[in-house]
Amino acid sequence: MQRDVYDYTQPAAPGAVQKNTVLQKTYGLLGLSFIPCALGAFLSNQMGFSLFSLFGNRWVALGVFFAFFYGMCFLIEKNRYSNTGAALLMVFTFGMGVLISPLLQYTLSFSNGAQIVGIAAVMTAAVFFTMSALARRTNADMQSLGRFLTVGAVVLMVGVIANIFLQIPALSLTISAGFVIFSSLLIMYQIRTVIDGGETSHISAALTIFISIYNIFSSLLHILTSLTGED
């Protein structure tokens with residue numbers, strides 16, 4: 001008997017029906033996760049909140065961000081088969097909404113800011129649906145893609161750390177473009193892994209896809225603002 005789509009307490013058993021259930025649950029939880037994210041961004045925007053203004057030091061703000069991001073990811077993965085994990089995911093997405101608010105405020109400060117946000121949102125949705133469709137039809141070697149993504153993640157993190165110190169605009173744009181490509185491939189990889197039965201936790205899958213979509217949207221905002229932003 002197929003379990004309810006919103007039952008977060010048990011991993012799926014092997015089989016085509018169960019794999020499809022995991023994918024359905026992943027999409028359902030992913031959709032829910034954007035509600036607290038949007039709420040966090042809205043409330044933060046209303047209050048004019050930013051980590052830098054709160055702590056007054058860029059390094060402290062970065063430390064708090066990384067502690068929150070990796071700490072929450074660890075806790076969610078630790079509870080990946082329980083309702084606690086789903087609740088933690090909602091807390092995480094709310095926090096990520098708060099953290100993207102300064103970028104949204106900056107983008108909206110341009111005369112064409114609303115247009116840039118809209119274009120970035122449409123492009124992000126197009127990427128997600130395209131990669132989701134490709135994941136169902138691809139015959140690519142997922143093991144090779146997984147190794148490529150591992151190397152890509154390391155390269156991107158080295159680039160991010162280097163740019164924290166160098167502050168080179170061209171490097172920053174290159175890193176953003178790299179995140180768009182990396183996150184797009186990660187969406188396809190994660191969905192394909194669920195379809196193939198390699199991922200039995202829709203909470204983990206939703207977390208990975210949410211972070212990928214978040215990275216694509218924020219990276220596109222950065223690129224579009226840098227290239228087309230008008231004072």
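Modeller: Leaving aside its neighbours within four places in sequence, Leu104 is in contact (heavy atoms within 4.5 Å) with Ala41, Val117, Phe217 and Leu221. This is a predicted model, in which local features need pLDDT of at least 70 and side-chain atom pairs count only at pLDDT 80 or more, while totals for chains, interfaces and linings use all residues. Residues are numbered from 1 along each chain as its sequence is written, and side-chain values use heavy atoms, with hydrogens and water left out.
Colleague: Is Leu104 buried or exposed?
Modeller: Leu104 is buried, since its relative accessible area is 17%; buried means under 20%, exposed over 50%, and partly exposed in between (1.4 Å probe, protein chains only).
Colleague: And which helix does Leu104 lie in?
Modeller: Leu104 belongs to helix H4; helices (H or I, at least four residues) are DSSP runs, numbered from the N terminus.
Colleague: How many residues has the largest nonpolar core?
Modeller: That core has 50 residues, and Phe92, Ile187 and Phe210 have the most contacts inside it. Such a core is a set of buried Ala, Val, Leu, Ile, Met, Phe, Trp, Tyr and Cys residues joined through side-chain atoms within 4.5 Å.
Colleague: Which element gives the most to this core?
Modeller: H8 does, with 14 residues.
Colleague: What does Phe92 touch, beyond its sequence neighbours within four places?
Modeller: The contacts of Phe92 include Phe68, Phe69, Leu207 and Phe210.

Conventions: Helix = DSSP H or I, 4+ residues; strand = E, 2+ residues; numbered from the N terminus.
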